[in-house]
Amino acid sequence: MPELSAPDYQLARFLIERGLAAVYIVAFVVAARQFPALCGERGLEPATDLLRVVPFRRAPSVFHLVGYSDRLLVAISGVGAILATAYLVGLAQQWPLPLTMFGWLALWALYQSIVNVGGTFY
C-alpha cells in the first residue's frame with residue numbers, strides 16, 4: 001500500500017481540512033435553524049411532498065429510507081455539526097486513516113441528504 005502521509009503538504013492539508021470543517025458547521029447549523037420553516041413538515045415547500053414524488057435514485061437521501069420529520073432533521077444536523085467540530089479542533093485527525101476518511105464521507109452524505117430534499121430552497 002502506498003504511503004499516504006505527505007509531510008510537505010501539512011500546512012495545506014491543515015487549512016483545507018479546518019476550512020471545510022468550518023463550512024460544514026455553518027451549513028448544518030443553518031439547516032437546523034432554517035430548514036424546518038422552509039421545507040419542514042409545516043414549511044413553505046414540505047420535504048414530505050418531494051419525497052413522495054422524487055425517487056431515491058434521483059435524489060438519494062437518508063430521509064427516503066426512514067421518512068422525514070423535523071426532529072430527525074435537527075438530529076442529523078446536530079450529528080453533522082458535532083462531527084465537523086471534531087475535524088475543526090483536530091480530534092478527528094487523531095483517528096486511524098480509514099475512520100477519518102469515513103467521517104468525511106459521513107459529513108458529505110448527511111448534508112447531501114438535506115440538500116436532496118430541500119427542493120427550491122436548496
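Reader: Is Arg-52 buried or exposed in this model?
Author: The model is predicted. Exposed means over 50% relative accessible area. Arg-52 has a relative accessible area of 64%, so Arg-52 is exposed.

Reader: Which residue forms a salt bridge with Arg-52?
Author: The closest N and O atoms of the pair are 3.2 Å apart. Both residues sit in helix α2 (residues 47-53), three residues apart, so about one helical turn separates them.

Reader: How many salt bridges does the structure hold?
Author: The structure holds two.

Reader: Is Arg-18 buried or exposed?
Author: Buried means under 20% relative accessible area. Arg-18 has a relative accessible area of 17%, so Arg-18 is buried.

Reader: How are α1 and α4 oriented, roughly parallel or roughly antiparallel?
Author: Helix α1 (residues 10-39) packs with helix α4 (residues 70-89), and their axes are 8 Å apart. Their crossing is left-handed. The angle is about 160°. Angles over 145 degrees count as roughly antiparallel, so α1 is roughly antiparallel to α4.

Reader: What accessible area do Val-26, Val-30, Leu-44, Phe-121 and Tyr-122 have together?
Author: These residues form a nonpolar patch on the surface. Phe-121, one of them, lies in the segment after α5 (97-116). Phe-121 is partly exposed, at 37% relative accessible area. Together, the patch residues have about 460 Å².

Notes: Residues numbered from 1 in each chain as written. Predicted model: local features only at pLDDT ≥ 70, side-chain atom pairs only at ≥ 80, totals over all residues. Heavy atoms only, no water. Patch = residues over 30% accessible without salt bridge, like charges linked within 9 Å, V, L, I, M, F, W, Y side chains within 5 Å. Areas by Shrake-Rupley, 256 points an atom, 1.4 Å probe, with all protein chains shown as cover. Salt bridge = Lys/Arg side-chain N within 4 Å of Asp/Glu carboxyl O. Helix = DSSP H or I, 4+ residues; strand = E, 2+ residues; numbered from the N terminus. Buried < 20%, exposed > 50% of the residue type's maximum accessible area, 1.4 Å probe, protein only. Axes fitted to C-alpha atoms, helices over the stretch in contact; angles between N-to-C directions. Parallel < 35°, antiparallel > 145°, perpendicular 65-115°, else oblique. Left-handed = near helix turned anticlockwise from the far one by under 90°.
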